[in-house]
Amino acid sequence: MSETESSGDECVLKCKKPAFVLYRNREEWKDVVPIPQADVHNAVVAINYSEKFKDVYDYLRAVLAKQEKSERVLKLTEDALNLNPANYSVWQYRREILRCLKIDLRRELVFSAKMIHQHPKNYQVWYHRKAIVEMLGDPSAELELTKNDLEYDSKNYHAWQHRQWVVQTFGMFDGEMVLCDTMIEADIRNNSAWNHRFFVMSNTTGFTPQVVAAQVDYTLQQISKAIHNESAWNFLRGILCQTKDGISGNIKVNTFCENLIASNNISPQLLAFLVDINMALAKEDQQAREKVKELCMQLATDVDTIRHNYWNYLAQTV
């Protein structure tokens, strides 16, 4: 065996995770009588828990019954959460222990970050992270945490929700529009990034005529790249509805849509948007009502046949 192979084997031996010792075999837990799950013998279809799972949760039930809050129970909750990270009761009890023992919460940020990395779409993990940040009053690590998660999965709802809570709660909006630009550039159909863009505008600049004009220009450019992109059309619809002229009163948008129609560059999203424009005018304008019916017929019979029932219904209600 070469020296390189030998040192590699030694590294494997040193880095190997120690075998899990069942709690019933640990000397420091001899004072605790485990409590088995009550319904195990009566279950119609019993869950085939592993020996490790039964051992950990039997001891967890025992300490819960006594309301013991100690370092050893904190470690027990960690083992329990690694086995079932969606267990709300364990997370809640862990927070009670942290408060009781006045544990350094920055240590808990490390643990929660590890759990988020392993279980990025688990609601309870993210909720725990939020609770710890609230207890600390320090959001300094959160933007980087969510940015890293979104680089892995750019549409992770939980990461976006956490980020929006952070920036709104702590007033950390600087750079958020740049983030939106970057993520839309990477994936023009990222509905979460478009949603975040609207959220940031709502909480910062608002929808002044100047802001809306700039965002209309930006959005029309993005639609020109992908006219079937519903995210961009929805964003456009959303910002226009915040203005006094509403969805039907923007000349630039109306001209843009007319030009797409004239060039036969048609999509279901374009026609649906034109339906909304004409629906806004239909109450006072017979021509607009007829236009809605015409567009709905085109959508139902040719462009968006999968939703023909909806378009036929809409045409009847005008």
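This note sets out numbered points on helix packing, aromatic pairs and selected residues in a predicted model.

1. Helices α15 and α16. Helix α15 covers residues 286–303 and helix α16 covers residues 308–317; their axes come within 8 Å and cross at roughly 165°. That angle makes α15 roughly antiparallel to α16, the cut-off for this class being over 145 degrees. The crossing in which α15 passes α16 is left-handed.

2. The contact of α15 with α16. On the α15 side, the residues involved are K293, C296, L299 and A300, and they meet H308, W311, N312, L314 and A315 of α16. Sorted by class, the contact of α15 with α16 comprises 6 nonpolar, 2 polar and 1 charged residues.

3. Helices α12 and α13. Helix α12 (residues 230–240) packs with helix α13 (residues 251–262) at an angle of about 150°, and the two axes are 13 Å apart. The helices α12 and α13 are therefore roughly antiparallel to each other. Their crossing is left-handed.

4. The contact of α12 with α13. From α12, the contact draws on W233, L236 and L240; from α13, on V253, F256, C257 and L260. By class, the contact of α12 with α13 has 7 nonpolar residues, with no polar and no charged residues.

5. The structure holds 16 aromatic pairs. One of them joins Y23 and Y59: the centres are 6.0 Å apart, the planes make an angle of 35°, and the pair is tilted. Y23 is in the loop between α1 (3–15) and α2 (51–66), whereas Y59 is in helix α2, so the pair ties together parts that are 36 residues apart in sequence. Y23 counts as buried because its relative accessibility is 0%. Y59 is buried as well, with a relative accessible area of 5%.

6. The pair of W194 and Y218. The ring centres of W194 and Y218 are 6.0 Å apart and the planes are at 55°, so this pair is tilted. The pair links distant parts of the chain, for W194 belongs to helix α10 (residues 191–203) and Y218 to helix α11 (residues 209–225), and they are 24 residues apart. W194 has a relative accessible area of 2% and is therefore buried. Y218, at 17% relative accessibility, also counts as buried; the cut-off for that term is under 20%.

7. The aromatic cluster. W194 and Y218 belong, together with F198, F207 and F235, to one aromatic cluster.

8. Residue D181. Helix α9 (residues 176–186) contains D181. This residue counts as partly exposed because its relative accessibility is 32%. Leaving aside neighbours within four places in sequence, D181 is in contact with R197 and Y218. D181 and W194 are 13 residues apart in sequence, and their C-alpha atoms are 9.1 Å apart in space.

9. Residue N229. The loop between α11 and α12 holds N229. At 2% relative accessibility, N229 counts as buried. Not counting residues up to four places away in sequence, N229 touches I188, R189 and W194.

10. Backbone at Q67. Most residues other than glycine have a negative phi. Q67 is not a glycine, although its phi is positive, at about 55°. Q67 is placed in the loop between α2 and α3 (71–83). With a relative accessible area of 41%, Q67 is partly exposed.

11. Backbone at K102. K102, which is not a glycine, has a positive phi of about 55°. The place of K102 is the loop between α4 (88–101) and α5 (105–118). K102 is exposed because its relative accessible area is 71%, where the cut-off for exposed is over 50%.

Key: Residues numbered from 1 in each chain as written. Predicted model: local features only at pLDDT ≥ 70, side-chain atom pairs only at ≥ 80, totals over all residues. Heavy atoms only, no water. Axes fitted to C-alpha atoms, helices over the stretch in contact; angles between N-to-C directions. Helix = DSSP H or I, 4+ residues; strand = E, 2+ residues; numbered from the N terminus. Parallel < 35°, antiparallel > 145°, perpendicular 65-115°, else oblique. Left-handed = near helix turned anticlockwise from the far one by under 90°. Contact = heavy atoms within 4.5 Å. Nonpolar A, V, L, I, M, F, W, Y, C, P; charged D, E, K, R; others polar. Buried < 20%, exposed > 50% of the residue type's maximum accessible area, 1.4 Å probe, protein only. Phe/Tyr/Trp six-rings, centres within 6.5 Å; stacked < 30°, edge-to-face > 60°.
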